[in-house]
Amino acid sequence: MRLADPTLEIIPLADLVGGYGGIVLDVFGVIHDGMSVFPEAYATLGLLRKEGIRICLLSNSPRRSDEVAKRLEAMGIGRELYHGLITSGELVYEALTESPEFPAGSTYFHLGPVELAELLSALPMNASMSIGAADFILTTGWPEEDAMTSKLLHACIARKLPMICANPDFEVLIGARKVICAGALARDYEMLGGRVISYGKPYRTAYSKALEVLCLTGEQVLAIGDSVATDIVGGRRAGLDTALVLTGVHKNCLTRDGKMDRIMLRDLFRQHSVAPDFILSSLG
């Protein structure tokens, strides 16, 4: 189900979902803003389940899936509202569980906020406080000691350490505050010549796992997210129809009266050489 010119009109979600058996649904910027659930999201999830539409939440969170599920429960989004939840952090954990010596050894240096440092704590791996003793870098977000970031990256380059990125997003909005994510750090590292292995959206493995959860094929599924760079690019790479929600990182493309800024959106799509099939003002 595709529109002739998807960039020109905002489409109500109710007009779309009848053509699909399942939805791959982003979390940050779609269901909640990092602080509270969007007013329409809870009711919409319930209605989708009532209509028999299968839902797999797919998040670029550098946390284990169960931890994110508990956070959602605390916000009022219970597990009965979706069929499965996959996070980029869980994909990293699974990859290193299957191959603990990947990519170069079992000792890592964590780059990111302290609260995200425990992602691999249950694995037989060693967290090092020294880059000199590390086999690879695990990045979960932008380090709290921002002034040291450039020096740390150059030190890692000097040792030719591979980087595992547990969140390919460049940024998210938490309330009205912009937070730089691990994807921006990984991008900088690649620009310096470093090797980066990323997990999550927009990579196909994430969508393949989501389709397994849904027990559906790509043509039966709609991917909904708030980021062109990850949700729309990733969904299109996986062969899914896509819908961009203007409640997250691109909400500046939505005017006060609820209309689209078509010029901004077209520039955004041109920048990423991709456009969504549909545009939603929210998950309502």
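Predicted model: local features only at pLDDT ≥ 70, side-chain atom pairs only at ≥ 80, totals over all residues.

Two strands count as paired if DSSP finds at least two bridges between them. Four bridges join strand E2 (residues 54–59) to strand E3, and these two strands run parallel. In that pairing, Leu57 has Leu85 of E3 as its bridge partner.

- An open sheet is formed by six strands with parallel pairing, in the order E3-E2-E1-E11-E12-E13.
- E3 and strand E13 (278–280) are the edge strands, each of which pairs on one side only.
- On average, neighbouring strands of this sheet are turned by 20° against each other, with direction ignored.
- Helix H3 (residues 88–98) packs on the sheet and touches both E2 and E3. The direction of H3 makes about 75° with that of E3.

**Burial of E3**
- In a regular strand, side chains alternate between the two faces of the sheet.
- Strand E3 (residues 84–87) is covered on both faces. Gly84 and Ile86 are buried on one side, while Leu85 and Thr87 are buried on the other.

Notes:
Residues numbered from 1 in each chain as written. Heavy atoms only, no water. Buried < 20%, exposed > 50% of the residue type's maximum accessible area, 1.4 Å probe, protein only. Axes fitted to C-alpha atoms, helices over the stretch in contact; angles between N-to-C directions. Contact = heavy atoms within 4.5 Å.
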